Each structure stands twice: as C-alpha cells, then as structure tokens.
Amino acid sequence: TAAYTTAKVSKSGSKKISIPYKSKVRVYEKIKKITKSHYVKIKYNGKTYYVYAKKGTSPFTKEAVKYSDYTFSGIGKIQQQVVYDALDIYKNHDTEYSHKTPGSVVNGKMQFDCSGFVSYTVNGVMREYIPSYKLSANITTLYETGEIYTDGRGTFSQTVVCSDSPNLKKMKPGDIIYFIESGGKEVNHCGIYIGNGEFIHSTKSTDGVSIMPLSGRYTDRFVCAKRIVPTKVLL
C-alpha cells in the first residue's frame, strides 16, 4: 500500500494524480528501503503510474487502513462518536475540498475545508447535548474557542492536551489538532486525531477528506492538540 504520494502517468509525463494514504497499490519491484532515488512503477485502480521515490523515504507501507485498528478505551462517548463519524465520511462519501458550506453536496461530493470538516463532524455529535450551539467553521475562531457552552447540566470546554510537538501518550482519539502550514504565521489548518499516530482532515493537497500519519511536515508544523471536555452528567 502507499503512503500518501503523487504519481505520474509515465516517467516523463507531466500529468499527476494523488494517491491517498495507505491506498492499495501493486509495486513492480521489491522495495524494503529506498536506497537510490528513482521512478517506481506501480498499478493503482487498474492503471499504471510512476512514483518518484527519493532516497531515504518510505512511499510504500505494508498495511492498509483498517477501521478495526482504531480503539477507543479511556475516552468519552463524545470523542468516540466524533472519530466514528469522521471515519464514516471518509469511508462512505465522496468529498471535495472547498470553502462552501460544510457538508453541502455539489456534484455528488460533500464540501469541506479543514475547519469546516472538523466543525461539521463535532457539531453533529454535540447536537444531542447542545442543539442550539455550533462550533465555528472559521479556523481562527475554532482554534481560539475555550469555553464552548455551559448550563445546569455541565460545561463544554476546549482544553489544550499538548503543544509544540505531538505527544501521542497524552493525545486521544477525538482530539482536535492544529497546525501552521507552510508560509503561515498563525494557525491555518486543523484535523481530528484518530489514534495510531494518524489523523483525518480535509485538505487541498488530496482534494477532500483523507487520513495522514502525524509525522514529517505535520510534526514540524504542529501547534497543539485540544480536547472538548464535558463535565458533570456528560463525563
């Protein structure tokens, strides 16, 4: 299977496609570790492509995404449902990266930017508890939100779990993670941590919702992980 990567239709061709993280591909050579940069011939969705594999990188993995791999011990029912719903969108719906109303459907594809996907997924779960309140789909407002809601039943707040670099021992599935992407000075990207060192997000680079490893550039650009914490009867 492939780590998220791009491929060409031929070694010299200019047309590129995106291959999502852990998609099933056939590799036409035995590769354990890339020791020399070169084009690797693969087959993906019944067609032949070429991936430029740089020395020292790992564009191919052994296992595809298995939804049974994601375990939820030690987390609340809200966080658990957030992960289930995020994975459901990824698995069962066509998506497209856009700034249109989150969750709206255009040409059969659900529309999401990064914060739109996060807010849409979390709001869908929280609606059972606070139907009158919605997390903002604006990335800056979403990031800066502390206290979300409070009433006689309890309080919802977004609290920092870890900052500066990912701490997988502290992070739990359902946490919202924030980044400063290339060229930015303030938080400009977010996603949902789903466990196993992976997160789910909507991004322009994959033109929709995709799963990515929380490593490489995402480790370098990591700002913090935050958790929506309910109190009282909603623990």
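A charge sits over a ring if NZ of Lys or CZ of Arg is within 6 Å of the ring centre and within 35 degrees of the ring normal. The views below show a predicted model.

**View 1. The charged end of Lys41 sits over the ring of Tyr28.** The distance from that charged end to the centre of the Tyr28 ring is 4.8 Å.

**View 2. Lys226 places its charged end over the ring of Tyr178.** Here the distance to the ring centre is 5.7 Å. Tyr178 belongs to strand S11, residues 176-179. Lys226 lies in strand S15 and is the bridge partner of Ile176.

**View 3. Strand S11 is covered on both faces.** Ile176 and Tyr178 are on one side. Ile177 and Phe179 are on the other. All four residues are buried.

**View 4. Strand S11 pairs with strands S12 and S15.** S12 spans residues 189-195. Four bridges connect S11 to S12, and the sense is antiparallel. One of the links to S12 is at Tyr178, whose bridge partner there is Cys190. S15 spans residues 222-230. It runs antiparallel to S11, again with four bridges. On the S15 side, Ile176 has Lys226 as its bridge partner.

**View 5. Phe179 and Tyr218 form an aromatic pair.** The structure holds eight aromatic pairs. In the pair of Phe179 and Tyr218, the ring centres are 5.4 Å apart. Phe179 lies in strand S11 and Tyr218 in helix H4 (residues 217-220), so the pair ties together parts that are 39 residues apart in sequence. Tyr218 has 2%.

View 6. Phe199 is in strand S13, residues 198-203, while Tyr218 is in helix H4. The pair therefore ties together parts that are 19 residues apart in sequence. Phe199 is buried, with a relative accessible area of 0%.

**View 7. Ring pairs build a cluster.** Which residues does the cluster link? Its members are Phe179, Phe199, Tyr218 and Phe222. Phe179 comes from strand S11, Phe199 from strand S13 and Tyr218 from helix H4.

Note on methods
Residues numbered from 1 in each chain as written. Predicted model: local features only at pLDDT ≥ 70, side-chain atom pairs only at ≥ 80, totals over all residues. Heavy atoms only, no water. Buried < 20%, exposed > 50% of the residue type's maximum accessible area, 1.4 Å probe, protein only. Helix = DSSP H or I, 4+ residues; strand = E, 2+ residues; numbered from the N terminus. Pairing = 2+ DSSP bridges. Phe/Tyr/Trp six-rings, centres within 6.5 Å; stacked < 30°, edge-to-face > 60°.
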